[in-house]
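Here is a quick report on one helix, its packing partner and a few loop residues. Have the structure open while you read.

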Amino acid sequence: MAITAAMVKELRTKTGAGMMDCKKALTESNGDMEKAVDLLREHGLAAAAKKADRIAAEGLVYSYIHGNGRIGVLVEVNCETDFVAQTDNFKALCKDIAMQIAAANPSYLNREAVPAEAIENEKKIIIAQMANDPKAANKPDAIKEKMAIGKLGKFYKEACLVDQAFIKDGGMDVKKYVADTAKALGGDIKIASFTHFTKGEGLEKRNEDFAAEVAAAIKG
(Lines give C-alpha, C1' and ligand atoms only; values in the text may rest on other atoms or scores of the structure.)
Protein backbone atom coordinates (compact mmCIF):
# COMPACT_ATOMS: atom_id res chain seq x y z
CA MET A 1 0.00 0.00 0.00
CA ALA A 2 1.32 3.43 -0.95
CA ILE A 3 1.97 5.65 2.07
CA THR A 4 0.81 9.21 1.37
CA ALA A 5 1.92 12.46 2.95
CA ALA A 6 -1.62 12.90 4.28
CA MET A 7 -1.38 9.57 6.14
CA VAL A 8 1.97 10.52 7.64
CA LYS A 9 0.55 13.89 8.73
CA GLU A 10 -2.48 12.23 10.34
CA LEU A 11 -0.32 9.79 12.28
CA ARG A 12 2.04 12.56 13.35
CA THR A 13 -0.94 14.59 14.63
CA LYS A 14 -2.24 11.60 16.58
CA THR A 15 1.04 10.64 18.20
CA GLY A 16 3.42 13.60 18.06
CA ALA A 17 6.11 11.26 16.68
CA GLY A 18 8.65 12.40 14.07
CA MET A 19 7.79 12.40 10.39
CA MET A 20 10.25 9.63 9.44
CA ASP A 21 9.16 7.50 12.39
CA CYS A 22 5.54 7.88 11.31
CA LYS A 23 6.35 6.93 7.72
CA LYS A 24 8.30 3.87 8.88
CA ALA A 25 5.48 2.75 11.19
CA LEU A 26 2.90 3.13 8.41
CA THR A 27 5.10 1.16 6.04
CA GLU A 28 5.56 -1.65 8.56
CA SER A 29 1.83 -1.76 9.28
CA ASN A 30 0.94 -1.64 5.56
CA GLY A 31 -0.97 1.60 6.05
CA ASP A 32 -3.05 0.45 9.02
CA MET A 33 -3.30 3.60 11.15
CA GLU A 34 -4.14 1.87 14.44
CA LYS A 35 -1.34 -0.67 14.08
CA ALA A 36 1.04 2.17 13.22
CA VAL A 37 0.05 3.94 16.45
CA ASP A 38 0.73 0.72 18.37
CA LEU A 39 4.12 0.33 16.72
CA LEU A 40 5.12 3.86 17.69
CA ARG A 41 3.96 3.29 21.27
CA GLU A 42 5.87 0.01 21.47
CA HIS A 43 9.01 1.83 20.37
CA GLY A 44 8.35 4.65 22.86
CA LEU A 45 7.96 7.17 20.05
CA ALA A 46 4.34 8.22 20.59
CA ALA A 47 3.85 11.40 22.57
CA ALA A 48 2.22 9.64 25.52
CA ALA A 49 5.30 7.52 25.98
CA LYS A 50 7.87 10.27 25.44
CA LYS A 51 6.97 12.57 28.30
CA ALA A 52 9.78 12.61 30.81
CA ASP A 53 7.37 12.62 33.72
CA ARG A 54 5.60 9.46 32.54
CA ILE A 55 8.38 6.91 32.44
CA ALA A 56 7.28 3.39 33.37
CA ALA A 57 10.07 2.88 35.91
CA GLU A 58 8.07 1.28 38.73
CA GLY A 59 6.34 -2.08 38.80
CA LEU A 60 6.79 -5.66 39.95
CA VAL A 61 8.75 -8.80 39.24
CA TYR A 62 6.14 -11.52 39.61
CA SER A 63 6.81 -15.24 39.99
CA TYR A 64 4.42 -18.07 39.18
CA ILE A 65 5.02 -21.75 39.89
CA HIS A 66 2.75 -24.42 38.46
CA GLY A 67 2.35 -28.18 38.80
CA ASN A 68 4.37 -28.78 41.97
CA GLY A 69 7.36 -27.00 40.55
CA ARG A 70 7.27 -28.36 37.02
CA ILE A 71 6.82 -24.92 35.42
CA GLY A 72 8.15 -21.60 36.65
CA VAL A 73 7.73 -18.10 35.27
CA LEU A 74 9.33 -14.78 36.15
CA VAL A 75 7.89 -11.68 34.53
CA GLU A 76 8.75 -8.01 34.99
CA VAL A 77 5.87 -5.60 34.45
CA ASN A 78 6.54 -1.86 34.64
CA CYS A 79 4.24 1.05 35.43
CA GLU A 80 4.69 4.76 36.09
CA THR A 81 4.15 4.97 39.85
CA ASP A 82 4.64 2.80 42.91
CA PHE A 83 1.02 3.60 43.84
CA VAL A 84 -0.21 1.82 40.71
CA ALA A 85 2.22 -1.07 41.31
CA GLN A 86 0.62 -1.73 44.71
CA THR A 87 -2.97 -1.84 43.46
CA ASP A 88 -4.85 -5.12 43.32
CA ASN A 89 -5.63 -4.61 39.63
CA PHE A 90 -1.96 -4.28 38.73
CA LYS A 91 -1.01 -7.32 40.78
CA ALA A 92 -3.82 -9.27 39.12
CA LEU A 93 -2.48 -8.24 35.72
CA CYS A 94 1.01 -9.46 36.66
CA LYS A 95 -0.42 -12.81 37.74
CA ASP A 96 -2.47 -13.12 34.55
CA ILE A 97 0.57 -12.37 32.39
CA ALA A 98 2.66 -14.93 34.29
CA MET A 99 -0.05 -17.57 33.84
CA GLN A 100 -0.28 -16.65 30.15
CA ILE A 101 3.44 -17.31 29.77
CA ALA A 102 3.17 -20.60 31.65
CA ALA A 103 0.27 -21.79 29.49
CA ALA A 104 1.26 -20.49 26.05
CA ASN A 105 5.07 -20.51 26.40
CA PRO A 106 5.81 -17.61 24.02
CA SER A 107 9.28 -17.46 22.49
CA TYR A 108 9.49 -13.66 22.35
CA LEU A 109 8.04 -10.60 24.08
CA ASN A 110 6.97 -8.81 20.89
CA ARG A 111 7.66 -8.66 17.15
CA GLU A 112 10.65 -6.40 17.62
CA ALA A 113 12.30 -9.07 19.76
CA VAL A 114 12.14 -11.73 17.05
CA PRO A 115 15.60 -12.22 15.48
CA ALA A 116 15.83 -11.48 11.75
CA GLU A 117 17.04 -15.02 11.07
CA ALA A 118 13.95 -16.49 12.78
CA ILE A 119 11.68 -14.36 10.59
CA GLU A 120 13.59 -15.34 7.43
CA ASN A 121 13.38 -19.01 8.37
CA GLU A 122 9.64 -18.73 8.93
CA LYS A 123 9.23 -16.98 5.57
CA LYS A 124 11.17 -19.78 3.84
CA ILE A 125 8.82 -22.34 5.37
CA ILE A 126 5.77 -20.38 4.24
CA ILE A 127 7.14 -19.97 0.71
CA ALA A 128 7.96 -23.70 0.58
CA GLN A 129 4.36 -24.43 1.57
CA MET A 130 3.18 -22.19 -1.27
CA ALA A 131 5.18 -24.29 -3.72
CA ASN A 132 2.91 -27.20 -2.82
CA ASP A 133 -0.25 -25.11 -3.10
CA PRO A 134 -1.72 -25.15 -6.66
CA LYS A 135 -3.29 -21.73 -6.08
CA ALA A 136 0.01 -20.08 -5.13
CA ALA A 137 2.72 -22.18 -6.79
CA ASN A 138 2.73 -20.27 -10.08
CA LYS A 139 2.57 -16.78 -8.66
CA PRO A 140 5.60 -14.46 -9.21
CA ASP A 141 8.27 -14.54 -6.50
CA ALA A 142 7.54 -10.91 -5.57
CA ILE A 143 3.89 -11.80 -4.91
CA LYS A 144 4.90 -14.86 -2.89
CA GLU A 145 7.18 -12.66 -0.79
CA LYS A 146 4.31 -10.29 0.00
CA MET A 147 1.98 -13.19 0.77
CA ALA A 148 4.60 -14.70 3.09
CA ILE A 149 4.93 -11.41 4.98
CA GLY A 150 1.16 -11.36 5.40
CA LYS A 151 1.12 -14.95 6.68
CA LEU A 152 3.76 -14.10 9.29
CA GLY A 153 0.92 -12.69 11.34
CA LYS A 154 -0.01 -16.21 12.43
CA PHE A 155 3.57 -16.86 13.49
CA TYR A 156 3.63 -13.67 15.59
CA LYS A 157 0.33 -14.57 17.25
CA GLU A 158 1.80 -17.86 18.39
CA ALA A 159 5.39 -16.84 19.19
CA CYS A 160 5.07 -13.30 20.61
CA LEU A 161 3.57 -12.80 24.07
CA VAL A 162 1.81 -9.49 23.38
CA ASP A 163 0.24 -10.86 20.16
CA GLN A 164 -1.10 -14.06 21.73
CA ALA A 165 -4.80 -14.49 22.43
CA PHE A 166 -5.36 -13.72 26.11
CA ILE A 167 -6.03 -17.01 27.94
CA LYS A 168 -8.91 -15.54 29.97
CA ASP A 169 -10.58 -13.84 27.00
CA GLY A 170 -9.82 -15.15 23.52
CA GLY A 171 -11.55 -12.11 22.05
CA MET A 172 -8.52 -9.92 22.80
CA ASP A 173 -4.78 -10.28 22.64
CA VAL A 174 -2.40 -9.72 25.55
CA LYS A 175 -1.45 -6.29 24.24
CA LYS A 176 -5.07 -5.10 24.42
CA TYR A 177 -5.52 -6.58 27.89
CA VAL A 178 -2.48 -4.64 29.13
CA ALA A 179 -3.64 -1.47 27.35
CA ASP A 180 -7.15 -1.73 28.84
CA THR A 181 -5.75 -2.23 32.33
CA ALA A 182 -3.36 0.71 31.87
CA LYS A 183 -6.26 2.91 30.78
CA ALA A 184 -8.32 1.87 33.80
CA LEU A 185 -5.43 2.65 36.15
CA GLY A 186 -4.64 5.93 34.44
CA GLY A 187 -1.06 5.30 33.36
CA ASP A 188 1.31 3.44 31.09
CA ILE A 189 2.05 -0.27 31.68
CA LYS A 190 4.66 -2.31 29.85
CA ILE A 191 5.75 -5.93 30.02
CA ALA A 192 9.51 -5.52 30.23
CA SER A 193 10.79 -9.10 30.14
CA PHE A 194 10.02 -12.67 31.09
CA THR A 195 11.61 -16.08 31.58
CA HIS A 196 9.87 -19.44 31.26
CA PHE A 197 11.30 -22.50 33.01
CA THR A 198 10.23 -26.13 32.53
CA LYS A 199 11.64 -28.85 34.78
CA GLY A 200 13.83 -31.19 32.79
CA GLU A 201 13.62 -28.98 29.70
CA GLY A 202 15.95 -30.35 27.05
CA LEU A 203 15.77 -33.88 28.49
CA GLU A 204 13.71 -36.68 26.98
CA LYS A 205 10.55 -37.13 29.01
CA ARG A 206 6.90 -37.92 28.56
CA ASN A 207 4.80 -35.22 26.96
CA GLU A 208 2.50 -33.44 29.42
CA ASP A 209 -0.15 -30.91 28.52
CA PHE A 210 0.99 -28.04 30.75
CA ALA A 211 -1.22 -25.56 28.90
CA ALA A 212 -4.34 -27.55 29.76
CA GLU A 213 -3.27 -27.78 33.40
CA VAL A 214 -2.73 -24.04 33.67
CA ALA A 215 -6.07 -23.40 31.98
CA ALA A 216 -7.74 -25.68 34.50
CA ALA A 217 -6.03 -23.83 37.36
CA ILE A 218 -7.34 -20.52 36.01
CA LYS A 219 -10.91 -21.81 35.95
CA GLY A 220 -10.47 -22.96 39.54
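The buried set of helix 7 is Ala118, Ile119, Lys123, Ile126 and Met130. Looking down the axis of helix 7, those buried residues stay within an arc of 135°, so they line one face; the arc is taken over directions from the helix axis to the C-beta atoms. As background, an α-helix has 3.6 residues a turn, so residues three or four places apart point the same way.

This is a predicted model, with pLDDT of at least 70 required for local features and 80 or more for side-chain atom pairs, while totals for chains, interfaces and linings use all residues. Numbering starts from 1 along each chain as its sequence is written, and side-chain values use heavy atoms, leaving out hydrogens and water.

## Length check

Helices here are DSSP runs of H or I with at least four residues, strands are E runs of at least two, and both are numbered from the N terminus. Helix 7 has 16 residues and should span 22 Å at 1.5 Å a residue; its end C-alpha atoms are 23 Å apart, which agrees. The expected span is 1.5 Å times one less than the number of residues.

## Packing against helix 8

Part of the cover over the buried residues of helix 7 comes from helix 8. Helix 7 (residues 116-131) and helix 8 (residues 141-159) pack at about 115°, with axes 9 Å apart. Axes are lines fitted to C-alpha atoms over the stretch in contact, and angles run from 0 to 180 degrees between N-to-C directions.

Contact means heavy atoms within 4.5 Å. On the helix 7 side, the residues that meet helix 8 include Ile119, Lys123, Ile126 and Met130; among their counterparts in helix 8 are Lys144, Met147, Leu152 and Phe155.

## Loop residues

Lys139 lies in the loop between helix 7 and helix 8. Lys139 is partly exposed at 34% relative accessible area, and beyond its neighbours within four places in sequence, Lys139 touches Lys144 and Met147.

Two asparagines have positive phi. Asn68, with phi of about 55°, is in the loop between strand 1 (58-66) and strand 2 (71-79) and is exposed at 85%. Asn105, with phi near 45°, is in the loop between helix 6 (88-104) and helix 7 and is partly exposed at 39%.

Definitions and conventions:
Buried < 20%, exposed > 50% of the residue type's maximum accessible area, 1.4 Å probe, protein only.
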